[in-house]
Every structure is written in structure tokens, then in C-alpha cells.
Amino acid sequence: LLPFNPEFYFKSKLPITFDKGVKCDKILDFIQQTCYPEDIPVIQEWFGFCLFKRYFIKKAIILFGEKNTGKTVLLNILTKFIGEKNISGISLQKIASKDKFALASLKGRFANIYDDLSAEDLKDAGGFKIATGGGYITAEYKFGDSFQFMTFAKNIFATNRIPNVKDINDDAYYERWIPICFDNQIEKEDQDNFLFEKITTQEELSG
């Protein structure tokens, strides 16, 4: 870690303050109530992985389960942690089909976060494998030129039902997934409508 120096040129900034001594008890409490114990270290490591500007682990996460199980809250915490300007929101279907206009928004982003993913079947998996660290992506801005780049936007999705893949028998596709089950459903009368605000204070995010 180095002090700020105007000689360093950065195109992005994270909206958090690194403070070694701060804890995030409320965030940890939420994760412990929401996830299975074996999944907690994975989620914590994923938050750290998103800070790297390299996709050196060829994995994507998909959170699946019924509504009111905490999937959206977790994605919103990650969005707040990284910053809205540092994420994209492209569906798995558009990534897999190599939608060149949609893929352009991955450039320079730390994470691609998509909530409420459709269960629509995938017809191809090539675009997904490239977007999870497989090489250069070809994209295009509307009314602009096409270009190539290597993405470091880590992919995480949430869904009620994981999409099927049509006519694909490819271990390289399935091996890239980390599925995490969310099944601790909270009844409406027990839900805290201000939970997100309570667990995303500056101190909690620093922790």
C-alpha cells in the first residue's frame, strides 16, 4: 500500500477506506444467518477477488434459491463495496451469446453483477468461457468501432432457477461455476426493511 501520489494515474476508484483495525460484525452476522458455513469463506474470498484487476481464477458464482433468502442483499453489498461506477450488469444469456454491444460495458469494470437472472436456456457457452478469463473479448460501441480487451470483471449472478444449457456437453463450462444455495427464507413479518442501510455504513464496508 502506497500513499497517494498524483504521478499515479488511475481510471477508477473504490468507494471504501482501508482500515486494518475495523470489523464488519453486521455484515458477517448477515452472511452467517443467510449462508451455509462452508460457503462463507468462498463469499469472503470472492469479495477480495473482485478487487484484483485480473481474472486469474476462471470461476463465476451463481446464487440460487427462492425469494426472500438474501441473494439480492448480498449482491447489493458487493455493489456498494465496489461502487456503482465500477460494475456492469449484463445477463448470462447476453454474455454467452457474445452480444458485442453488451460486452462493451465489461471493459474496465471490477465486477459484472446481475440479479434475478432469467431461467431461459443458453444456446452457447463460448462467450461465458471467454468472459471468465479465457482470452480477449471482441466488443463494439454503438455507432463506433469494434475493439478487443481482456476483462477483469468478475461474474456473479442470482436466480431462482439455474438456466439449462442446450446441446452442450462441455466440462470447461460447468467447471467454471461456483453454485451457492440460499434457502433460509425470511417471512415477510420478520424482514427488516432497513437492513441494507444498517450493514453498508462506511465502517462496515471498511471492515
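What you see is a predicted model, and its protein chain holds nine helices and seven strands. For 207 residues a compact globule would have a radius of gyration near 17 Å, and the protein chain, at 18 Å, agrees with that. Along the principal axes, the C-alpha atoms fill a box of roughly 50 × 45 × 30 Å. Buried residues account for 41% of the 207 residues, and the accessible surface comes to about 12,600 Å², with 52% of that area belonging to carbon and sulfur atoms. If we take the contacts between residues at least 6 apart in sequence, 81% of them join residues at least 24 apart.

Let me turn to helix 1, which runs over residues 25-34 and whose buried residues are I27, F30, I31 and T34. These four cover an arc of only 95 degrees around the axis, and therefore sit on the same side of helix 1. As for what covers the buried residues of helix 1, the cover includes helix 2 (40-49), helix 3 (71-82), helix 8 (195-199) and helix 9 (202-206).

Finally, in the segment before helix 1 we find F10, which is exposed, with a relative accessible area of 56%. Together with L2 and F8, F10 makes a nonpolar surface patch of about 370 Å².

Notes: Residues are numbered from 1 along each chain as its sequence is written. This is a predicted model: local features need pLDDT of at least 70, side-chain atom pairs count only at pLDDT 80 or more; totals for chains, interfaces and linings use all residues. Side-chain values use heavy atoms; hydrogens and water are left out. Buried means under 20% relative accessible area, exposed over 50%, partly exposed in between (1.4 Å probe, protein chains only). Helices (H or I, at least four residues) and strands (E, at least two) are DSSP runs, numbered from the N terminus. The arc is that of the directions from the helix axis to the C-beta atoms. Contact means heavy atoms within 4.5 Å. Patches are made of residues with over 30% relative accessible area and no salt bridge: like charges are joined within 9 Å, nonpolar side chains (Val, Leu, Ile, Met, Phe, Trp, Tyr) within 5 Å. Accessible areas come from the Shrake-Rupley method with a 1.4 Å probe; for residues, only the protein chains shown count as cover. A salt bridge is a side-chain nitrogen of Lys or Arg within 4 Å of a carboxyl oxygen of Asp or Glu. The radius of gyration is taken over C-alpha atoms; the globule rule is 2.2 Å times the number of residues to the power 0.38.
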